[in-house]
Amino acid sequence: MEILYKSTRGGEENIKASEAILKGLATDGGLFVPNMLPKLDVSFDSLKDSTYQDVAYEVMKLFFSDFTEEELKECINKAYDEKFDTSIIAPLVEADGAYYLELFHGSTIAFKDMALSILPHLMITSAKKQHVENEIVILTATSGDTGKAALAGFSNVKGTKIIVFYPKDGVSQIQEKQMLTQKGDNTHVVAVYGNFDDAQTGVKKIFSNVKLKQLLEQSGYQFSSANSINIGRLVPQIVYYVYAYVALLREKKVKDCGSINVVVPTGNFGNILAAYYAKELGVPIRKLLCASNENKVLFDFLQSGTYNKKREFILTTSPSMDILVSSNLERLIYKIAGNRADLCAKLMEELSVNGSYTISESMMEELNDFYGGYASEKETANCINDLYSKTGYVIDTHTAVASAVYKKYKKDTKDQTPSIIVSTASPFKFTGSVMEALGETNEMIDDFEKVEKLSKIANVKIPEAIEDIRKAEILHHTICEVENMEQEIIKFLDI
Ligand SMILES: *Cc1c(COP(=O)(O)O)cnc(C)c1O
């Protein structure tokens with residue numbers, strides 16, 4: 001059966017998957033949701049010997065039902081290849097009574113690779129299906145992780161160009177070097193004098209600039225975005241929950257069709273929403289543990305039913321979770337509102353006008369599958385240290401937020417259900433904070449030296465992704481003022 005998409009705010013419906021992938025956001029500002037949540041049509045048992053790519057096909061074919069088998073398999077095979085440093089793609093590691101699902105074996109050693117390595121292929125296939133002849137120009141503002149993962153995904157993908165803006169002094173040394181050494185003639189990286197918000201606002205302005213849009217059109221280009229609300233990013237994230245469950249069954253870590261919990265370090269709510277969709281698909285997930293850092297807006301929401309973004313923004317050691325407006329939550333709100341777009345639109349309007357909204361009692365009841373928790377900076381660091389002392393396994397700061405929340409949950413509830421903790425970044429990506437948590441404080445050495453030291457301590461080889469950028473040549477040299485971002489695009493596209 002064909003799944004069609006509609007906006008969470010009611011402005012659009014009957015949109016094919018390929019159309020929704022190309023558009024990203026609905027015209028009314030809503031997010032695209034499937035008109036029904038499909039069920040897996042194969043048994044877990046039959047998937048026991050399947051590769052990651054096989055499982056990816058079984059999941060994605062349900063959501064991207066206007067893609068042919070050949071189209072979808074080509075996208076999958078191009079995405080999940082040698083770019084990953086293990087053919088398992090998403091391995092599970094058992095440590096201290098939990099299963100860490102490592103989603104950091106792709107080219108930028110963080111979980112954004114899981115979706116951004118396939119999005120470019122889904123996008124150009126969608127363009128073909130929709131008879132779009134223009135070349136797709138991806139514009140992104142980044143605070144570090146997304147930019148590099150998007151660059152790596154789109155690099156040398158025919159029919160696309162990608163331009164990434166980042167705040168000149170707002171990213172880590174390793175993150176900056178990762179971006180500036182990016183290969184691919186179709187990639188362009190620009191540092192902006194300003195902070196992340198300046199870069200983000202600049203990009204938003206460019207997207208709504210009608211004149212520029214016309215200029216692009218005349219030259220055979222059109223803009224698109226790779227941000228995390230695109231269903232082309234959300235759906236590929238469902239795959240690893242199915243894959244991990246099958247692995248636990250195969251290893252006899254869960255009994256036949258027994259339940260599991262998943263613990264997800266959360267920012268924009270994309271990853272945990274994918275877990276919720278996996279549950280709807282048929283994976284027996286008992287509890288979805290939503291783990292926040294000190295920016296605990298989601299914890300407060302799950303406790304009280306009130307989402308309130310009016311609060312101090314705290315800079316933490318898990319920067320990819322420093323978020324006050326979790327965009328993907330809108331899809332869950334729509335669902336628990338009984339798929340009522342008018343109600344969802346009203347709440348989102350309140351958020352935008354007043355900075356907060358409160359859901360009804362009955363909507364609140366629909367959230368029983370979720371458990372909200374948060375970890376302070378100290379708890380996060382202690383968690384890295386404790387786990388290392390106990391087992392020798394080193395986790396990054398984001399994963400540690402989840403791990404700390406799981407520990408509290410287990411203590412409070414005595415729940416013994418086997419649990420997957422989603423590991424969203426390699427500890428080598430946040431070496432400074434990880435080393436500090438391990439008690440190795442040496443301000444004098446630079447990030448690359450810390451990497452060497454961490455490798456010895458953790459007894460883990462330095463990831464290829466880090467080795468590569470160390471020796472690599474700087475290929476991007478552009479810095480501009482916020483006012484000149486548009487000019488940079490015009491120059492790069494030569495229009
Ligand atoms: C993006 C990111 C997250 C948050 O994921 P969401 O899908 O935005 O909730 C967590 N950890 C890392 C390392 C990330 O890059």
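Mentor: Pro463 counts as buried because its relative accessibility is 11%, where buried means under 20% relative accessible area, with exposed over 50% and partly exposed in between, for a 1.4 Å probe and protein chains only. This is a predicted model, in which local features need pLDDT of at least 70 and side-chain atom pairs count only at pLDDT 80 or more, while totals for chains, interfaces and linings use all residues. Residues are numbered from 1 along each chain as its sequence is written, and side-chain values use heavy atoms, with hydrogens and water left out.

Pro463 sits in the loop between α20 (447–458) and α21 (464–471), helices being DSSP runs of H or I of at least four residues and strands runs of E of at least two, numbered from the N terminus. Once neighbours within four places in sequence are left aside, Pro463 is in contact with Ile109, Ser426 and Phe428, contact meaning heavy atoms within 4.5 Å.

Turning to the ligand, 15 residues surround it, the closest being Lys112, Gly267, Asn268, Asn271 and Thr424, where a residue counts as near if one of its heavy atoms lies within 4 Å. A polar side-chain atom of Lys112 lies 2.6 Å from an oxygen atom of the ligand, and a backbone N or O atom of Gly267 lies 2.8 Å from a ligand oxygen atom. On the side of Thr424, a side-chain N or O atom is 2.9 Å from a nitrogen atom of the ligand. The ligand on its own has 380 Å² of accessible area, of which the protein covers 96%, the areas coming from the Shrake-Rupley method with a 1.4 Å probe.

As for the aromatic side chains, the structure holds 17 aromatic pairs, counted when the ring centres of Phe, Tyr or Trp (its six-membered ring) lie within 6.5 Å, with planes under 30 degrees apart called stacked, over 60 edge-to-face and the rest tilted. Tyr52 and Tyr243 form an edge-to-face pair, 4.9 Å centre to centre with 80° between the planes. Tyr52 belongs to helix α2 (residues 52–63) and Tyr243 to helix α11 (residues 236–250), so this pair ties together parts that are 191 residues apart in sequence. Both Tyr52 and Tyr243 are buried. The pair of Tyr307 and Tyr357 is stacked, because the ring centres are 5.7 Å apart and the planes lie at 10°.

Key. A polar contact is a pair of N or O atoms within 3.5 Å; within protein, one must be able to donate a hydrogen and the other to accept it, and residues adjacent in sequence count only if both atoms are side-chain atoms.
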